[in-house]
Amino acid sequence: MRRSYVVAGRVQGVGFRPFVYRLAAEHGLTGSVLNSSQGVAVEIQGPFEAVRAFGRELKESPPPLAEIVSCEEQDLEPVPGEAEFIIIKSRSGQGHNVLISPDTALCADCRAEMLDPRDRRYLYPFTNCTNCGPRYTITRAIPYDRPFTSMACFPMCRECQAEYDDPLDRRFHAQPNACPVCGPVVWFTDKQGQEKARGREAMQRTAEALDRGEIAAVKGLGGFHLACDARNHDAVMELRARKNRWDKPLAVMVPDLDAARGLAHVSDTEAKQLDSLEKPIVLCRAKLPFAVSPAVSPDTVFIGLMLPYTPLHLALFHELALTPAMGHHPALVMTSGNTSSEPICLGNREALKRLGHIADRFLLHNRDILIRTDDSVLRVNPLTGKPQFFRRARGFTPKPVFLEPLKGEDAPSVLGVGPELKNTLCLTKGDQAFVGQHIGDMENLETLGFYREIAAHLEMILETAPRAVAHDLHPDYMATRFAQERADKDSLPLVPVQHHVAHILAALAENRHNGPALGWALDGTGLGEDGTLWGGELLLVDPSGPSWQRLAHFSPMHLPGGETAIREPWRIAQACLYQLGVVEPGEKPWPWLASHGQASAMLPQLLEKQLNCPQSTSCGRLFDAVSAMLGLCSAITYEGQAAILLENQLYAQGQWPPPDPALETGYECGLITGPETAVLDTLSLFRQVLADWERDESLADISRRFHLGLAHGLAGAARHFSRETGISHVALSGGSMQNLTLSVALPQLLEVQGLTPLTHREVPPNDGCISLGQAVWARLLNQKS
């Protein structure tokens, strides 16, 4: 018999064709296999039982990096006289069903070759095979073949070509395949771009510079890193000064898991993430005192660790191990190669221009990076062992989020343009939502340029165009203006989506929950439909409608000075005091008076006259107010800093695990109901914080009581409305769900009360998920229309 298979999904660039070739050979079958725009197309011919066995193994035992989404099968007429199984040259076409493969960390086989002095790829910084290496960041178009990648300009030598052509070789059709004879090269320069060394000597010179305490800009997989010795306090402080990044934590790369365990308490699940195919940055609890410079993570006892994920990193650490100062315990700060708020650099000339005032030395290479992609960042939930993203990018993009299929005709392709901060884009195709990599804060033209690159690239590689564009309610966001521009280009409908509704929709979509659900959106600030700034919202969202309703919110508070209050949380604390009738300090002076006394004296007038004092129900701003009240953070240098410092009081002295909400309820936080929208009495929480602060209770105790009290209050409100509505599923989303204590305690409390928490698993709970929620809403509306 003869049978055809069209296998769609992540099946190109992952060794699927050689897998099919070997499978056909094992079963004695003839036929062909090729990459097409629809996936991998296979035709197989042979005895009935052999063909059946082939089909079973094809679907049940694919290569490690493959992901089969669909497999269409059809019986064909046998071809007389067919004598062999062949691999046919790739074929392109419109409307493909292929998933672009993410970049994958160096595999064990390639690592072994690199560390073998007898191997021709010994310490070669661009070693790869079918099971590892660059994919997304070097892909120009589909199908994924060398001419459509940035490796097109590197003709293979005879030995590499032989590997590439051999179906039984690990490098069969490995598109980035290369060696020192024919592949990319690396070189070392000063900050003016003057070349000083090439090849291995360039790696040695870079290691020596880092060992001396210098800062190096290192071209990697998806862009540049800025690197320095993590144990050298002066070097870390100099990097912070030059980059103007004074407090935000810096990631640290170490050579292996043993080195990671020397710096932090690494659980088995954290180790599994660190050493996974993706090798993200994993937030781990540091061992105290810090074994690296405390300036690496000054605000929290958690440290972002990662392992070498490219052959270039492996080669660099090999040379670092030979240096006098760093040799015994090498650890590198590896932070994004950019200045604050700008996109990561990806080109050599761009890096020399933009990073020349930061880096002393540059390690460059000539394999072009086509798509900027930052490192992914996640934390493992200590209760569930499941990862939670803080930033989703390298290794995970562009894996799709699979959506609940819509009834009737094919779902329309829609574009979610994302929010202002922590922006991502989302383009849907059928029942798949492609959330692009982390773009960052849309605050300058450079980031807007990066944003446009990704928007165009997603449409091109997916070969689809949106039929609607979804955006945030805020009219002044760059992303909103882009949505208008994109809609005007092709006369597309614009779909406004409230910020926190998008949060809840994203959580529901990840969990493929298509019915009504309650949802706590615990966030910074987002424009509400009433014109105020929301951020602590209990919503009822029904994707099957689609419809939503605001059921409850946090106690309203004022933000004196508007955006200034977000940068200076003491203003929010004093506004909360004013709401409580406290207009001047008692026996204990307010913590911010020494640095902001003059402005503080003017604040009551602003509040009394309501001059530039927008109202907010934000969870994030509540954390800011409490942090400022306790003297932890009067002014921030990065988003979320005040909340991080507040939570850190729980763990700063080595306390672990997170507090058990079943053993202590914390402060009282009740629900005020009536004819209007219900209010979670978070102002009462602040009043209790104030009372304990005035009694000189320990900051750790106050922080614990606040966190647990809020968690119990949130769960209690969800229980109340569950009883009223009969809905038992509760989605949890928003940047405040990155708070470890809240992310552990709140789902526990919901489950104890018989409710089902729905949390994020594939995208971050922060604003990185907004584009997904926007796209889901527009998709539902367009299907309905």
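## Helix packing, salt bridges and a mixed sheet

In helix 15, A573, C576, L577 and Q579 meet L683, F686 and L690 of helix 19. By class, this contact of helix 15 with helix 19 comprises six nonpolar residues, one polar residue and no charged residues. The model described here is a predicted one.

The geometry of this pair can be stated next. Helix 15 spans residues 570-579 and helix 19 spans residues 682-694; their axes come within 10 Å and cross at roughly 100°. Helix 15 and helix 19 are therefore roughly perpendicular to each other. Two packed helices are described by the angle between their axes and by the distance between the axes.

Helix 19 also has a contact with helix 17. The axes of helix 17 (residues 619-629) and helix 19 come within 10 Å and cross at roughly 10°, which makes helix 17 roughly parallel to helix 19. On the side of helix 17, the contact involves L622, A625, V626 and M629; on the side of helix 19, T682, L685, F686, V689, L690 and W693 take part. This contact of helix 17 with helix 19 divides into nine nonpolar residues, one polar residue and no charged residues. F686 and L690 of helix 19 meet residues of helix 15, and F686 and L690 also belong to the contact with helix 17.

Salt bridges form a further topic. Side chains of opposite charge can pair when their charged atoms come close. The structure holds 45 salt bridges, and the table lists examples.

| Salt bridge | N to O distance |
|---|---|
| R3 and D75 | 2.3 Å |
| R121 and E163 | 2.8 Å |
| R118 and D116 | 3.1 Å |

The side chains of R3 and D75 meet in a salt bridge. This pair links distant parts of the chain, with R3 in strand 1 (residues 2-10) and D75 in strand 4 (residues 67-76), 72 residues apart.

R121 and E163 are likewise joined through their side chains. Here too the pair links distant parts of the chain: R121 lies in the loop between helix 3 (108-114) and helix 4 (158-165), E163 lies in helix 4, and 42 residues separate them. Both R121 and E163 are buried.

Q12 is placed in the loop between strand 1 and helix 1 (16-26). Q12 counts as buried because its relative accessibility is 2%. The C-alpha atoms of Q12 and L65 are separated by 9.6 Å, while the two residues lie 53 residues apart along the chain.

Six strands form an open sheet in the order 18-21-20-19-22-23, with mixed pairing. Strand 18 (401-402) and strand 23 (494-497) stand at the edges, each with a single partner strand, so one side of each is left without a neighbour in the sheet. Strand 19 (residues 414-416) pairs with strand 20 (residues 426-429) in the antiparallel sense over two bridges, and L415 stands opposite L427 in strand 20. Helix 11 (residues 445-462) lies across strand 20 and strand 21 (432-435), running at about 15° to strand 20.

How values were computed:
Residues numbered from 1 in each chain as written. Predicted model: local features only at pLDDT ≥ 70, side-chain atom pairs only at ≥ 80, totals over all residues. Heavy atoms only, no water. Axes fitted to C-alpha atoms, helices over the stretch in contact; angles between N-to-C directions. Helix = DSSP H or I, 4+ residues; strand = E, 2+ residues; numbered from the N terminus. Parallel < 35°, antiparallel > 145°, perpendicular 65-115°, else oblique. Contact = heavy atoms within 4.5 Å. Nonpolar A, V, L, I, M, F, W, Y, C, P; charged D, E, K, R; others polar. Salt bridge = Lys/Arg side-chain N within 4 Å of Asp/Glu carboxyl O. Buried < 20%, exposed > 50% of the residue type's maximum accessible area, 1.4 Å probe, protein only. Pairing = 2+ DSSP bridges.
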